[in-house]
Amino acid sequence: MTGAGSALDQQLWDLVYAYDAAYDRAARAAGLSAAQACLLDALTGGSRSMGRLAVELLCDASNVTQLVTRLEAGGLVTRVPDPDDRRVKQVSITPAGRRVCRAVQRAFDFPSDRLGRLTGRERSQLSGLLAKLLAPGVSSPS
């Protein structure tokens, strides 16, 4: 790899690390771990089964169980048997959970702060480049 490629790789790692660290700080400011905040955020779109949450959050089902147990103890989520299959538990966010989730979102100013440093043209250019990087199955130019 060339020096420029290596420097770019490092910049990407630095951006990801800074993003994650800022999200962690925002979650902690609301009294949550980053994983708990992610789980609450996933539930803002509606109830999910424990298994579905594990898939969406890319973690083991036992980890989801621990997260849900802690959030449930804090009154931020509820867990009830699925009416169609009582072996499956459905998790829903509570009104208190929505308030805490909004607090995390308000505290997480990293994206708006960093993007605010760019001009409109630079944001548009970055958006196009990120779309290209995130597109599935796109091969690199030769």
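Biologist: What is the relative accessible area of tyrosine 19?

Modeller: In this predicted model, local features need pLDDT of at least 70, side-chain atom pairs count only at pLDDT 80 or more, and totals for chains, interfaces and linings use all residues. Residues are numbered from 1 along each chain as its sequence is written, and side-chain values use heavy atoms, with hydrogens and water left out. Tyrosine 19 is partly exposed (buried is under 20%, exposed over 50%, partly exposed in between; 1.4 Å probe, protein chains only). Its relative accessible area is 38%.

Biologist: How many aromatic pairs are there?

Modeller: Rings of Phe, Tyr and Trp (its six-membered ring) pair if their centres lie within 6.5 Å; planes under 30 degrees apart are stacked, over 60 edge-to-face, the rest tilted. By this rule the number of aromatic pairs is three.

Biologist: What kind of pair do tyrosine 19 and phenylalanine 108 form?

Modeller: Tyrosine 19 is in helix α1, and phenylalanine 108 is in the loop between α5 (95–107) and α6 (110–115), 89 residues apart (helices, H or I, have at least four residues and strands, E, at least two, as DSSP runs numbered from the N terminus). The ring centres are 5.0 Å apart and the planes stand at 85°, so the pair is edge-to-face.

Biologist: How far apart in sequence are the parts tied together by tyrosine 23 and phenylalanine 108?

Modeller: Phenylalanine 108 is buried, with a relative accessible area of 14%. Its ring and that of tyrosine 23 have centres 5.1 Å apart and planes at 90°, so this pair is edge-to-face. Tyrosine 23 lies in helix α1 and phenylalanine 108 in the loop between α5 and α6, so the sequence separation is 85 residues.

Biologist: Which residues make up the cluster of ring pairs?

Modeller: Tyrosine 23 and phenylalanine 108 are both buried. The residues that ring pairs link into a cluster are Tyr19, Tyr23, Phe108 and Phe110.

Biologist: Which residues does valine 91 touch, not counting those up to four places away in sequence?

Modeller: Valine 91 lies in strand β3 (residues 89–93). It is buried, because its relative accessible area is 0%. With contact taken as heavy atoms within 4.5 Å, the residues touched by valine 91 are Leu43, Ser47, Arg48, Met50, Leu53, Val68, Val77, Thr78 and Arg79.

Biologist: How far apart in space are serine 62 and leucine 115, C-alpha to C-alpha?

Modeller: Serine 62 belongs to helix α4 (residues 61–73). A relative accessible area of 43% makes serine 62 partly exposed. Serine 62 and leucine 115 are separated by 53 residues in sequence, and their C-alpha to C-alpha distance is 36 Å.
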